[in-house]
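Please keep the model in view while reading.

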Amino acid sequence: AAPPQVLSDKDVRTMIHRAGLRSPTALRDMALIHIVLATGARPLEVARLEIADYLNADGTVRSCSEMRAPVSVNRKARPLFFRSAPAVKAIDAYLEHRLAESGRSTDADASYRGFAPHDRLFLNDAGLPYVVHCHEVEGRPRFLCRQMLDTYRRIFKRINMHGMSALTLRRTVACRLDARGRSEEHTSE
């Protein structure tokens, strides 16, 4: 079998640049790429993230946050870090755009930069929260966000990166952590 695809720094820069040029929702799409590369989050987890997972009440970024148990795919809380300057810049630009689109502007004195803490961090193409469906599989609930998976597919198709997926982004994160000498346990967390 062919080795799993891992992106180079050049591939990542190309992907983000193309998303910025070719997407009708460029700021959101660039932020969606960045968040997976910065956190290793799964698309379902990204769909469930809320403003308060990313921002403190005073509007500053929560550099050391938590993937809350209800958000996490395995329903276990784990650390969530927003320490990547490019990722924070991309997410902040997307949030500013959302405020402007809603007719509001960033108010330095407003809690959570004018968002409600439980608003979703990312919205779909219609400007609504991504829909998460629950299915029972072998008597256990299984959650799926087809809208988010489709959003990632469209991003990669638009930027002409065939065979790419959010899994490729997550695999790149894992390989980079491994190359830096991180333990398998740390990478899995």
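**Fold, surface and a helix pair**

The protein chain contains eight helices and four strands, where helices (H or I, at least four residues) and strands (E, at least two) are DSSP runs numbered from the N terminus. Their order along the sequence is α-α-α-α-β-β-α-β-β-α-α-α. The model is predicted: local features need pLDDT of at least 70, side-chain atom pairs count only at pLDDT 80 or more, and totals for chains, interfaces and linings use all residues. Residues are numbered from 1 along each chain as its sequence is written, and side-chain values use heavy atoms, with hydrogens and water left out.

Of the 189 residues, 39% are buried, that is, under 20% relative accessible area, with exposed meaning over 50% and partly exposed in between (1.4 Å probe, protein chains only). Among contacts (heavy atoms within 4.5 Å) with a separation of 6 or more, 60% join residues 24 or more positions apart.

Serine 84 sits in the loop between strand S2 (78–81) and helix H5 (85–101). Because its relative accessible area is 26%, serine 84 is partly exposed. Its C-alpha atom is 8.8 Å from that of serine 63, 21 residues away along the chain.

Helices H2 (residues 26–39) and H6 (residues 146–158) pack at about 105°, with axes 11 Å apart; axes are lines fitted to C-alpha atoms over the stretch in contact, and angles run from 0 to 180 degrees between N-to-C directions. H2 is therefore roughly perpendicular to H6, a class covering 65 to 115 degrees. Arg28, Asp29, Leu32, Ile33, Ile35 and Val36 of H2 meet Met148, Thr151, Tyr152, Ile155 and Arg158 of H6.

Notes. Angles under 35 degrees count as roughly parallel, over 145 as roughly antiparallel, 65 to 115 as roughly perpendicular and the rest as oblique.
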